[in-house]
Amino acid sequence: MVGVMTVVVGGEAEKSEYKKFKIRTQADANDTGALREVLERRLAHREWPQPNLIVVDGGKAQINVARKLIATAQLNIPVLSVLKDDRHQAKAILG
């Protein structure tokens with residue numbers, strides 16, 4: 001299982017900044033656990049610029065995990081989530 005991070009600067013994707021995180025802490029499919037690990041590892045890189053927005057793939061559970069982690073880290077980064085339909089098309093934005 002992997003988690004992927006993309007970076008957008010000035011409305012353009014920065015392909016050189018794409019990162020793939022191999023999930024180390026989850027043995028089974030656990031979306032929220034994998035998301036927590038990716039965000040923890042991303043935020044541990046203090047040498048990387050702090051994001052001004054985090055967008056996660058998922059619903060209420062995913063946005064809640066991200067917001068809790070951001071609050072615990074005492075950071076002020078807004079979080080949005082993109083809900084998708086059964087054809088994997090965006091159907092709503094939460095946050």
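The legends below describe several views of one predicted model.

Residues are numbered from 1 along each chain as its sequence is written. Because the model is predicted, local features need pLDDT of at least 70 and side-chain atom pairs count only at pLDDT 80 or more, while totals for chains, interfaces and linings use all residues, and side-chain values use heavy atoms, with hydrogens and water left out.

**View 1. The whole protein.** The protein has two helices and seven strands (helices are DSSP runs of H or I with at least four residues, strands are runs of E with at least two, and both are numbered from the N terminus). Along the sequence the pattern is β-β-β-β-α-β-α-β-β. The C-alpha atoms fill a box of roughly 35 × 35 × 25 Å along the principal axes. For 95 residues, a compact globule would have a radius of gyration near 12 Å, and the 13 Å of the protein agrees with this (the radius is taken over C-alpha atoms, and the globule rule is 2.2 Å times the number of residues to the power 0.38). Of the 95 residues, 28% are buried (buried means under 20% relative accessible area, exposed over 50%, and partly exposed in between, with a 1.4 Å probe and protein chains only).

**View 2. The nonpolar cores.** The largest nonpolar core has 13 residues (such a core is a set of buried Ala, Val, Leu, Ile, Met, Phe, Trp, Tyr and Cys residues joined through side-chain atoms within 4.5 Å). Leu-39, Leu-43, Ile-54, Ile-70, Ile-77 and Val-79 have the most contacts inside it (contact means heavy atoms within 4.5 Å). Two or more residues come from each of α1 (31-44), β5 (54-57) and α2 (60-72), and α2 gives the most, with five. A second, separate core of five residues includes Phe-21, Ile-23, Ala-34 and Val-38. In soluble globular proteins, nonpolar side chains tend to be buried together.

**View 3. Helix α1.** The 14 residues of α1 should span 20 Å at 1.5 Å a residue, and the end C-alpha atoms are 20 Å apart, which agrees (the expected span is 1.5 Å times one less than the number of residues). Among the buried residues of α1 are Gly-33, Leu-35, Glu-37 and Arg-42. The buried residues of α1 pack against β1 (2-5), β4 (19-22), β5 and α2.

**View 4. Strand β1 beside β4.** β1 and β4 run antiparallel and are joined by four bridges (strands pair if DSSP finds at least two bridges between them). Lys-22 in β4 is the bridge partner of Val-2.

**View 5. Ser-81 in strand β6.** Ser-81 lies in β6 (residues 79-84) and counts as buried, at 0% relative accessibility. The Ser-81 side chain reaches the backbone oxygen of Gly-58 at 3.3 Å. Not counting residues up to four places away in sequence, Ser-81 touches Val-56, Gly-58, Gly-59, Ile-63, Ala-92, Ile-93 and Leu-94.

**View 6. Two loop residues with positive phi.** Most residues other than glycine have a negative phi. Gln-74, in the loop between α2 and β6, has a positive phi of about 55° and is exposed, with a relative accessible area of 73%. His-88, in the loop between β6 and β7 (90-94), has a positive phi of about 65°. His-88 is also exposed, with a relative accessible area of 53%.

Terms used. Polar contact = N/O pair within 3.5 Å; in protein donor to acceptor, adjacent residues only side chain to side chain.
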